[in-house]
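Here's a quick briefing to read alongside the model. Have the sequence and the 3D view open, and take it topic by topic.

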Amino acid sequence: MDKVTKTELDNVVVRFSGDSGDGMQLTGTLFSNLSAILGNEISTFPDFPSEIRAPQGTVGGVSGFQVHLGSSKIYTPGDDADVLVVMNPAALKVNANAVKKGGVIIFDSDLFIKSGFEKAGFKTENPFEELGISDTIQLIPAPLSTMTQESLKDFGFENKTVLRSKNMFSLGLVCWLFNRPIDQAIHFLENKFGKKPDLLHANVKVLTDGYNFGNNLHLTISTYFVEKSHETPKGKYTSISGNKATAWGLIAAAQKVGLQLYLGSYPITPATDIMHELAARKDMGVKVVQAEDEIAGITSAIGASFAGSLAATSTSGPGLALKSEAIGLAVMAELPLVIIDVMRGGPSTGLPTKTEQTDLLQALYGRNGESPAVVMAAGTPDDCFHFAFMASKIALEHMTPVILLTDAFIGNGTSLWKLPTLAELPEIKPNFVKAGTENYKVSDRNEKTKVRYWSFPGMEGFGHRNGGLEKDYYTGAISTDAENHQKMVDTREEKINNISQFIPELKIEGNKEADLLVIGWGGTHGHLMSAVNSLNKKGEKVALAHFNYINPLPKNTVKVIQSYKKVVVCELNSGQFATFLRSKVPAVEFLQYNKVQGQPFTATELEEHFATLLK
Amino acid sequence: METTATIQYTAKDFKSDQYVRWCPGCGDYAVLSSLQKVMADLGVAPHETAVISGIGCSSRLPYYTSSYGFHTIHGRGGAIATGVKVANPKLTVWQITGDGDCLAIGGNHFIHSVRRNVDMNVLLFNNQIYGLTKGQYSPTTKKGFVTKSSPFGTVERPFRPAELTFGARGTFFGRLLDVDLKTAQMTMMAAAKHKGTSVVECLVNCVIFNDGAHGWLAEKEFRGDRAIALEHGKPMIFGKELNKGLVLDGFNLKVVTIGENGITEDDILIHDATTADTTLQMKLAMMEGPEMPIALGVIRDVEEETYDAAVEAQIAQVQAKSKIKTFDDLVATCEQWEM
């Protein structure tokens with residue numbers, strides 16, 4: 001047997017790629033979870049095509065799942081892969097540029113044949129040469145299909161069923177490559193297939209055979225080992241996707257405040273998982289109405305809010321556009337409402353499965369009239385829990401619609417999530433009308449915070465008429481009076497601006513004494529932090545100001561930004577936040593770094609760009 | 001509800017302090033006062049009653065009742081009322097809408113709230129014109145009618161609300177005429193008592209832009225002969241002299257005179273609003289003058305599970321079985337590990 005060495009790495013990126021039907025998402029999820037159980041930091045990102053089942057073996061049907069493991073804090077699913085597992089030639093073609101020098105490609109050699117090359121659109125029968133794959137990359141051919149068939153020959157399954165298990169063979173192989181005992185993977189499979197013993201035994205058998213296949217590979221190869229992370233705060237963890245975390249944040253808020261949770265929504269990529277997650281939570285009393293359209297999604301939620309529920313609607317960019325008028329109603333009626341926009345590539349239908357931050361100005365300004373609403377953005381998948389909770393809290397305490405921006409990248413991606421308890425979450429105190437209030441008017445508000453008092457049907461003595469027409473400040477009756485309208489416009493604005501007194505101040509990460517301040521917002525936090533940390537390790541001085549609260553901005557924003565000489569705003573759009581900041585901090589010259597490709601930043605490109613700014 | 005049901009309300013209890021701003025002579029006044037009377041007779045407290053509307057002349061109605069009211073945005077009243085009722089099924093929910101609000105911009109919400117059978121009462125004010133925007137044709141305006149946006153007559157085929165309601169699998173359809181208070185109140189009361197989406201087409205006059213919209217029917221002198229007030233279980237008899245009736249002639253309805261050609265009261269059809277089959281109800285709803293009388297009253301009133309009740313039932317069913325009671329229980333279901 002040739003010598004097998006074991007290399008210790010601080011962090012490693014593995015990408016699984018195959019046909020949409022090859023089970024790559026499951027393989028990737030199992031691998032990342034079992035690594036997390038062994039103490040690694042994890043971050044994952046699935047990348048799937050918009051077609052549900054494109055023809056097998058074609059480039060259009062390639063679906064991927066990337067996992068980043070680390071022995072220290074990691075912030076992103078990683079840029080290029082150390083190890084790429086491809087189930088067919090099409091997957092190789094799609095991912096060939098995403099492998100690091102010195103990396104490894106494992107491929108199903110059974111499908112690397114003439115017909116496979118043709119389906120993937122290769123012109124020759126040597127795809128590696130055709131793609132110009134660096135000879136520093138080690139190729140590991142593994143006959144996944146035939147080995148899986150061999151493994152399951154005694155099970156009496158149809159060939160189609162047998163081949164569905166070949167993802168487990170690749171998982172076994174990768175477990176070997178990373179020195180991961182497969183017991184934990186078997187435990188996961190027991191949970192998944194517990195009710196179908198045949199499938200469970202088959203998957204465990206293939207997994208084990210895949211592991212042993214690696215063990216018996218007679219070639220010189222370095223296996224990897226990623227040490228436990230010691231930077232992760234102690235506690236119980238799970239891995240969670242941003243969309244699930246968002247749904248759970250709403251559930252936690254509803255339970256904390258003791259209100260019923262209502263979601264009105266219409267299916268739209270990449271936000272639908274939020275609705276799925278909430279629809280499954282009947283046990284928590286969550287009411288989900290899958291409405292006839294986006295407008296009914298939000299307006300039924302406004303109805304539920306009017307009737308005293310914590311109400312939310314979930315959508316993506318095109319849906320937010322349809323909801324504009326209704327958000328204006330929630331602004332005018334001063335009702336609590338959480339609007340979640342999982343941003344995707346636009347305009348119009350755009351790039352439904354890809355990520356962008358191009359809805360910011362729509363969220364801030366996309367309504368008729370002077371129509372201020374709270375706008376927030378979550379930074380990481382696990383962050384979505386916190387910000388969905390906070391969006392609910394702000395909506396209920398300040399009687400306003402809150403738009404929470406997440407995106408396809410953090411919505412579908414996963415990260416470690418330290419399990420919270422309800423008790424440790426902050427209190428939520430809605431601005432209910434005080435018992436005993438006499439002669440209540442719909443327009444009654446706390447004169448200091450400008451927050452309207454909330455009463456709803458079922459509460460005796462507080463009957464009122466609300467609506468989208470302008471109201472008299474004092475009586476709540478409809479009014480077209482000129483002075484009154486000005487007063488109401490100013491009041492609604494003041495109410496929103498006042499929220500800056502209740503949100504955390506902007507904090508600086510990285511080197512506070514920096515020569516360069518990097519500004520970001522929302523789902524780019526991981527990539528920006530990685531780039532900033534990397535430069536600081538190399539002796540540069542770079543700081544990061546990452547925004548989660550956008551309207552209103554944290555109250556120290558101007559002071560913080562003005563204390564840096566050079567400021568660059570990085571975002572996945574053509575400069576929307578930079579435009580917004582220029583209107584708020586006119587004295588500062590904001591440089592921009594923008595990308596609108598439907599893809600997240602890479603830490604590498606950011607680092608390179610910041611390095612040029614530091615020169 | 002039980003504590004309030006014993007209180008006797010009067011129409012005054014449902015009047016707000018707001019000045020009613022419809023044009024003098026508008027048909028909406030009569031419907032409003034009928035509604036306030038019905039709300040009082042129904043015995044549901046004002047604070048347990050929610051009146052939701054969209055945009056248009058009739059959609060101003062919530063301001064004039066003392067209950068909880070919400071005057072929302074154009075066309076969306078049906079969806080908003082759905083949210084109100086699903087959020088709190090104990091409420092009595094009225095949706096006030098017009099032919100433009102309900103059947104043009106709000107058409108989608110209308111058919112879907114009817115399809116879901118949300119337990120709410122929809123008063124569809126049909127004056128066959130857009131009043132608040134000053135006189136354009138609506139989806140129910142008769143073909144050829146001259147309006148500001150159809151100076152040469154409309155070239156559009158109108159909707160008939162009954163047909164749309166039946167097509168959306170509606171469980172209740174009634175019709176009233178603004179000036180016929182007795183039938184109006186009877187129909188509204190039946191709508192309120194019906195569990196499910198009750199659609200009541202309110203034939204109202206617009207004195208400014210479509211005066212005499214339902215004039216043929218509204219003329220008091222002839223109304224007895226031109227309208228038939230349908231009641232479940234009663235023979236379909238009408239006419240000033242109460243000597244006319246409806247019978248089946250092949251697949252069609254026909255007007256006959258009792259006492260002529262050997263026709264007796266026993267030959268007249270008995271109205272069945274509760275049968276699931278819509279065939280005869282549809283024929284009744286679609287009758288048009290001058291050959292046939294216009295049907296008023298309760299045309300269809302069928303029991304089916306309501307959406308809001310089904311939502312509650314499913315939650316109760318899942319909760320009875322699930323071990324997850326709290327957020328902490330939910331978190332405990334995660335695949336989890338110590339780090």
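Axes here are lines fitted to C-alpha atoms, for helices over the stretch in contact, and angles run from 0 to 180 degrees between N-to-C directions. Helices (H or I, at least four residues) and strands (E, at least two) are DSSP runs, numbered from the N terminus. This is a predicted model, where local features need pLDDT of at least 70 and side-chain atom pairs count only at pLDDT 80 or more, while totals for chains, interfaces and linings use all residues. Residues are numbered from 1 along each chain as its sequence is written, and chains are lettered from A and ligands numbered from 1 in the order in which they are written.

**Two helix pairs in chain A**

- Helix H5 (residues 144-151) of chain A and helix H9 (residues 197-215) of chain A have axes that come within 10 Å and cross at roughly 125 degrees. That angle makes H5(A) oblique to H9(A) (under 35 degrees counts as roughly parallel, over 145 as roughly antiparallel, 65 to 115 as roughly perpendicular and the rest as oblique).
- From H5(A), Met147(A), Thr148(A) and Ser151(A) meet Lys205(A), Val206(A), Asp209(A) and Phe213(A) of H9(A); contact means that C-beta atoms, placed from the backbone, lie within 7 Å.
- By class, the contact of H5(A) with H9(A) has three nonpolar, two polar and two charged residues. Ala, Val, Leu, Ile, Met, Phe, Trp, Tyr, Cys and Pro count as nonpolar, Asp, Glu, Lys and Arg as charged, and the others, Gly among them, as polar.
- Helix H18 (residues 525-537) of chain A and helix H21 (residues 603-614) of chain A have axes that come within 8 Å and cross at roughly 50 degrees, so H18(A) is oblique to H21(A).
- Among the residues of H18(A) that meet H21(A) are Leu528(A) and Leu535(A), and the H21(A) side includes Leu606(A) and Phe610(A). This contact has seven nonpolar, three polar and one charged residues.

**A sheet that takes in both chains**

- Nine strands make an open sheet with mixed pairing, in the order S7(A)-S6(A)-S5(A)-S2(A)-S4(A)-S3(A)-S16(A)-S9(A)-S12(B). Strands pair if DSSP finds at least two bridges between them.
- S7 (138-142) of chain A and S12 of chain B stand at the edges with a single partner strand each, so one side of each has no neighbour in the sheet.
- Gly18(A) stands opposite Ser63(A) in S4(A).
- Helix H7 (residues 166-177) of chain A packs on the sheet, touching S2, S5 (81-86), S6 (99-108) and S7 of chain A.

**Where the chains meet**

- In total, 49 residues of chain B are in contact with 57 residues of chain A. H3(B) gives the largest share of chain B's side, eight residues.
- That side of chain B has 24 nonpolar, 19 polar and six charged residues.
- S17 (residues 465-467) of chain A and S2(B) run parallel, joined by three bridges, and Arg465(A) stands opposite Gly69(B).

**Helix H5 of chain B**

- The buried residues of H5(B) include His109(B), Phe110(B) and Val114(B); buried means that 20 or more other C-beta atoms lie within 10 Å of a residue's own, with C-beta atoms placed from the backbone.
- Their cover includes helix H12 (294-306) of chain A and, from chain B, H3 and H11.
- Asn117(B) follows H5(B) and has a positive phi, near 65 degrees.

Note on methods. Two residues are in contact if their C-beta atoms, placed from the backbone, lie within 7 Å. A residue is buried if 20 or more other C-beta atoms lie within 10 Å of its own, exposed if 12 or fewer, and partly exposed in between; C-beta atoms are placed from the backbone.
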